[in-house]
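Here is a short briefing to read alongside the sequence and the model. Please keep both in view as you go through the points.

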Amino acid sequence: MNRIEDDKGYFYKFNGSERKGVRYLTCYQQFCKGSASIRQNGYIVSGKDHSPNCSPNNADDERLNEKI
Ligand SMILES: [Zn+2]
């Protein structure tokens, strides 16, 4: 499954909606209500705030990059 990371280190997945070329994302953590969208130019725009206990993955960046 595709995972999209924004510049803050949060992961998202597509929620299936698309409107006028903008694709909508929800936080990869199921408990979290965070959301974002991707514009046609690939720019990720933040939507709803993430839950307080949803942490970005900046601390794991090096490890994740190795995996990808
Ligand atoms: Zn989140």
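Tyrosine 10 touches Glu5, Cys27, Gly34, His50 and Pro56, leaving aside residues up to four places away in sequence; contact here means C-beta atoms, placed from the backbone, within 7 Å of each other. The model is a predicted one: local features need pLDDT of at least 70, side-chain atom pairs count only at pLDDT 80 or more, and totals for chains, interfaces and linings use all residues. Residue numbers start from 1 along each chain as its sequence is written.

**The core**
- Tyr10 belongs to the largest nonpolar core, whose five residues also include Tyr12, Leu25, Cys27 and Ala36.
- Such a core is a set of buried Ala, Val, Leu, Ile, Met, Phe, Trp, Tyr and Cys residues joined through C-beta atoms within 7 Å.
- Buried means 20 or more other C-beta atoms within 10 Å of a residue's own, exposed means 12 or fewer, and partly exposed lies in between, with C-beta atoms placed from the backbone.

**The sheet**
- Five strands form an open sheet in the order E1-E2-E3-E4-E5, with antiparallel pairing.
- At the edges are strand E1 (4–5) and strand E5 (44–46), each of which pairs on one side only.
- Strands (E, at least two residues) and helices (H or I, at least four) are DSSP runs, numbered from the N terminus, and two strands pair if DSSP finds at least two bridges between them.
- Strand E2 (residues 11–19) runs antiparallel to strand E3 (residues 22–27), and five bridges join them.
- Tyrosine 12 has cysteine 27 in E3 as its bridge partner, and both residues are in the largest nonpolar core.
- On to strand E4 (residues 35–38): E3 pairs with it over four bridges, again in the antiparallel sense.
- Within that pairing, leucine 25 stands opposite alanine 36, while threonine 26 has serine 35 as its bridge partner.

**The loops**
- Lysine 20 sits in the loop between E2 and E3, a hairpin with two residues between the strands.
- Its phi is near 50 degrees, a positive value in a residue other than glycine.
- Lysine 20 counts as exposed because 6 other C-beta atoms lie within 10 Å.
- Asparagine 53 lies in the loop between E5 and helix H1 (61–67).
- Asparagine 53 is also exposed, so classed because it has 8 other C-beta atoms within 10 Å.
- The C-alpha atoms of asparagine 53 and phenylalanine 31 are separated by 9.2 Å, and the two residues are 22 residues apart along the chain.

Technical notes
Two residues are in contact if their C-beta atoms, placed from the backbone, lie within 7 Å.
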